[in-house]
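Please open the model in a viewer and keep the sequence panel beside it.

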Amino acid sequence: MYSVTESYLSAVRSRKRTDRITGKIVLSGGTEIAINDTVLVKDTLKLTKEICSGRYRIGTFCLSKLRFSFFLADALGIDLAGAYADLTYGIVTGEDTFEDVPLGRFYIDPVLSTRRKDIVSIVGFDAGVKFDREPSASVRALSVTPPELIAAVCAECGVPTD
């Protein structure tokens, strides 16, 4: 849970509020595409939780899924393989002062994402998607405590543990 002020909580509960989305998409080559309310397609941003494999059972977990669409002049010309999105939600908590909360990093799925004319529709998943792979022989052979095993799996999959 991200720590916020009482002013933030009050602003979220308010019927009338001023908020914003800011952030970027980073393509595999390092090119950044700025994301903000001026380029977002209205009412397309959705952040949901999904259970891997469709139903909960031991060994499954929830992934956060981000969907949004935005306008881009060269929508057909970008390659989304290896791209990720970092977005922030901000809300006015005082006299035109925004308090921002990071939504996190989402790894873009280039197969589920679409591009047409000047609109890009993104589907991305949190770092949990990096666990969707077979463990290496060295990880399977470990004889360690559960916390050490989790740390080893995170290191192998490239998921930060801090």
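## The whole chain

The protein has 3 helices and 8 strands; helices (H or I, at least four residues) and strands (E, at least two) are DSSP runs, numbered from the N terminus. Read from the N terminus on, the elements follow the order α-β-β-β-β-β-β-β-β-α-α. The model is predicted: local features need pLDDT of at least 70, side-chain atom pairs count only at pLDDT 80 or more, and totals for chains, interfaces and linings use all residues. Residues are numbered from 1 along each chain as its sequence is written, and side-chain values use heavy atoms, with hydrogens and water left out.

Colour the chain by pLDDT, the predictor's confidence in each residue, from 0 to 100. The mean for the protein is 87, and 93% of its residues reach 70 or more.

Next, display the C-alpha trace, which spans about 55 × 45 × 30 Å along its principal axes. Of the 162 residues in the protein, 29% are buried. Buried means under 20% relative accessible area, exposed over 50%, and partly exposed in between (1.4 Å probe, protein chains only).

## The largest pocket

Select Asp-19, Arg-20, Ile-21, Asp-37, Leu-40, Val-41, Lys-42, Asp-43, Thr-44, Leu-45 and Tyr-89, which line the largest pocket. On a 1 Å grid over the protein atoms alone, a pocket is an open set of points where a 1.4 Å probe fits, with protein on both sides within 12 Å along at least five of seven lines; lining residues have an atom within 4 Å of a point. The volume of the largest pocket is about 300 Å³; grid points are joined across faces, edges and corners, and a volume is the space filled by probe spheres set on the points.

Which strand gives the largest share of the lining of the largest pocket? Strand S1 (residues 19-26) does, with 3 residues. By class, the lining holds 5 nonpolar, 1 polar and 5 charged residues. Here Ala, Val, Leu, Ile, Met, Phe, Trp, Tyr, Cys and Pro count as nonpolar, Asp, Glu, Lys and Arg as charged, and the others, Gly among them, as polar.

Stay with Asp-43, in the loop between S2 and S3. Asp-43 is exposed, with a relative accessible area of 62%, and has a positive phi of about 60 degrees although it is not a glycine. Most residues other than glycine have a negative phi.

## Salt bridges

A salt bridge is a side-chain nitrogen of Lys or Arg within 4 Å of a carboxyl oxygen of Asp or Glu. By this rule the count comes to 4 salt bridges.

Arg-20 lies in strand S1 and Asp-100 in strand S6 (residues 98-108), so the pair ties together parts that are 80 residues apart in sequence. Arg-20 is partly exposed at 25% relative accessibility, and Asp-100 is partly exposed at 31%.

Now select Arg-105 and Asp-86, another salt-bridged pair (2.8 Å, N to O). Because Arg-105 lies in strand S6 and Asp-86 in strand S5 (residues 84-92), this pair ties together parts that are 19 residues apart in sequence. Is Asp-86 buried or exposed? At 18% relative accessibility, Asp-86 counts as buried, whereas Arg-105 is partly exposed at 39%.

Finally, select Glu-6 and Arg-13, whose side chains form a salt bridge (3.2 Å, N to O). Glu-6 is exposed at 55% relative accessibility, and Arg-13 is exposed at 57%.

## Loops and the last helix

Select Thr-31, in the loop between S1 and S2. Thr-31 and Ala-83 are 52 residues apart in sequence and 9.5 Å apart in space, C-alpha to C-alpha.

Lys-117 is in the loop between strand S7 (114-116) and strand S8 (119-125). Lys-117 is exposed at 72% relative accessibility, and its phi is positive, near 45 degrees.

End at helix H3 (residues 146-157), whose end C-alpha atoms are 16 Å apart; this agrees with the 16 Å that its 12 residues should span at 1.5 Å a residue, the expected span being 1.5 Å times one less than the number of residues. Gly-158 follows H3 and has a positive phi, near 80 degrees.
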